[in-house]
Amino acid sequence: MNPSTALGRVLVDELARSGVRDVVLSPGSRSAALALALHAADARGELRLHVRIDERSAGFLALGLAKGSHRPVVVVTTSGTAAANLHPAVLEAAHARVPLIAMTADRPAELRGTEANQTTDQVKLFGDAVRAYVEVAAPDVVPDSAAPWRAAVSRVVAAAVGRTGEGPMARPAGGPVHVNVAFREPLLPDPDDVATSLPQALAGRPGGAPWRAPMMESPPLPGVLPLGPRTVVVAGDDAGPPARLLAEEAGWPLFAEPSSGARTGTHPIATYRLLLGLPELAERIERVVVLGRPTLSRPITRLLSRPDVEVVVVGASPFPDPGNRVAAAYPAVRVDGSDDPGWLEEWRRADVATLTAVEKVVLDGGELNPWQVARTVSGAVKPGDLLVVGSSNPIRDLDLMALPYPVGERRMVMANRGLAGIDGVVSTAIGAALGRRPSHALAYMGDLTFLHDSNGLVIGPDEPRPDLTIVVASDDGGSIFSTLEQGGAPYASAFERVFGTPTRVDIGTLCQAMGVDHRLVTTSDELEAALDGPAGIQVVEARVGRADRREADQQLRSAARLH
């Protein structure tokens with residue numbers, strides 16, 4: 001067995017022992033030892049292999065798999081630009097705290113700086129975005145012990161899932177890690193070395209155990225929040241059930257973003273974003289308790305930046321603190337008893353009145369519009385289902401139009417809110433559906449988001465495919481900019497070219513080229529019927545306009561009312 005084969009097989013074996021169940025591979029020569037070891041492990045049922053030709057899409061596929069399965073997922077590339085193409089997914093994983101393991105093959109260290117083919121400096125390629133960096137040097141001979149290689153895998157997996165033993169407040173939560181592995185020729189094994197057992201000197205722990213047992217951490221002791229101040233709970237991305245439970249225990253209004261995992265039960269205020277524009281309510285807020293990472297709206301950012309509001313954050317560092325106003329941080333919190341019910345009732349009454357006004361603006365007749373699409377998609381997510389939402393307007397339209405789900409009916413609504421980019425969403429959705437394996441999976445995004453990652457639909461015939469319906473709110477451009485300062489009259493002459501960016505792409509023809517089913521809908525009824533689609537991946541294009549988006553958005557802002 002040559003050194004490269006030994007290294008590749010040991011790393012793959014230890015990854016499987018450490019709990020990795022999915023690996024995404026983009027093909028290349030320098031990573032051949034890893035590729036063949038992964039193929040053999042997939043055939044043995046030790047893990048599931050996904051092959052993609054585009055490294056950027058591969059990175060986001062791995063990100064989606066990790067978010068859907070709540071497990072660390074590895075993405076493997078060859079050297080050079082292939083490794084650099086993982087950077088967008090690594091950055092998203094860093095800010096969203098997703099356990100993504102980037103394993104990049106490299107040339108031997110002595111080739112750096114020599115202008116050798118496909119050779120660049122990959123040392124700490126992703127900088128401070130990763131929770132850990134490990135470099136595995138190219139071995140000249142098969143070593144007497146694989147302990148350093150197996151220990152390296154143990155360290156990066158522990159860092160990816162956030163189990164370093166430093167305590168929940170002393171270290172950042174889990175996130176991406178980078179393993180840079182150099183391979184020396186010969187890169188390919190002898191045929192007999194792929195399936196045979198590893199030599200005893202390279203073997204792992206008995207019984208398939210990981211080299212280093214995962215660090216078990218005790219639940220943190222919660223801080224106690226006093227009752228009294230008029231408080232609201234803000235649940236940002238991935239806040240989870242603790243945000244809902246806190247709001248229910250204390251009797252506080254809950255401002256829950258769609259991807260928070262907390263928009264359930266009786267305490268979420270659906271129109272909170274609009275109601276924060278009412279001084280009669282918003283200016284009376286005295287304290288905000290933040291869980292997760294809120295990123296969707298300027299009203300929330302302004303609330304967290306007010307000098308007259310006490311901001312308390314709950315969870316692992318780094319903390320969301322856009323206004324530099326955080327007064328206290330706790331790994332967990334609790335309350336003793338419940339607060340004045342009148343405060344919650346005021347928000348509830350205003351929410352009902354405002355939602356009624358909003359629905360009159362956007363749901364009463366007329367042509368299909370983005371808010372109708374958001375309400376229809378939200379209503380199609382049944383217990384056990386998955387919904388992946390793109391950035392820009394779709395997540396914001398859903399934030400306004402999605403009614404809270406009943407408690408106890410498990411649904412997962414997911415979005416890439418780490419850096420809130422439009423890249424990689426198709427691949428993220430496919431990965432999430434493969435990782436979670438729900439009864440039904442939906443994705444909802446704009447046409448520019450869809451086109452940006454249309455390569456995610458390039459899937460080989462032997463690769464795992466989910467049942468996934470991708471809803472594209474198709475308005476031929478970037479309508480979110482019309483709701484921002486760029487959409488104002490002073491910039492009208494330049495707007496369409498540099499912000500609206502129409503593409504005129506025929507999405508149906510594109511899907512046909514990819515071998516993906518496509519259906520065009522122009523009414524809510526057609527959309528609702530299309531969402532119960534066939535097995536496999538299908539694209540439902542919901543044709544909407546954007547010419548009046550700015551005016552409609554202004555109408556919605558004026559819909560906020562107390563009763």
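Which residues have the most contacts inside the largest nonpolar core?

## Nonpolar cores

In this predicted model, the residues with the most contacts inside the largest nonpolar core, a set of 59 residues, are F255, L276, V288, W347, V373, L387 and Y444. A nonpolar core is here a set of buried Ala, Val, Leu, Ile, Met, Phe, Trp, Tyr and Cys residues joined through side-chain atoms within 4.5 Å, and buried means under 20% relative accessible area, with a 1.4 Å probe and protein chains only. Helix α11 (residues 341–362) gives the largest share of this core, six residues; helices are DSSP runs of H or I with at least four residues, and strands are E runs of at least two, numbered from the N terminus. Apart from this core lies another, of 48 residues, with L386, M412, A443 and F450 among them.

V288 touches V232, V234, L303, L304, V309, E310, V311 and V312, leaving aside residues up to four places away in sequence, where contact means heavy atoms within 4.5 Å.

## Basis of the model

Residues are numbered from 1 along each chain as its sequence is written, and side-chain values use heavy atoms, with hydrogens and water left out. Local features need pLDDT of at least 70 and side-chain atom pairs count only at pLDDT 80 or more, whereas totals for chains, interfaces and linings use all residues.

## Helix α12

Helix α12 (residues 370–379) is mostly covered, with nine of its ten residues buried; among them are W371, V373 and V377. At the start of α12, a side-chain oxygen of N369 reaches to within 3.0 Å of the backbone nitrogen of W371.

## Helices α3 and α14

The axes of α3 (residues 55–69) and α14 (residues 425–436) come within 6 Å and cross at roughly 35 degrees, the axes being lines fitted to C-alpha atoms over the stretch in contact and the angles running from 0 to 180 degrees between N-to-C directions. Residues of α3 including F60, L61 and G64 make the contact with residues of α14 including I430, G431 and L434.

S57 lies in helix α3 and counts as buried because its relative accessibility is 3%. Not counting residues up to four places away in sequence, S57 touches S427, D453, N455 and G456.

## The loop around V20

V20 is placed in the loop between α1 (3–17) and β1 (22–25), and V20 counts as buried because its relative accessibility is 0%. Leaving out residues up to four places away in sequence, V20 touches L15, E46, L47, P72, V74 and I101. The C-alpha atoms of V20 and E46, 26 residues apart along the chain, are separated by 9.0 Å.

Terms used: Buried < 20%, exposed > 50% of the residue type's maximum accessible area, 1.4 Å probe, protein only. Polar contact = N/O pair within 3.5 Å; in protein donor to acceptor, adjacent residues only side chain to side chain.
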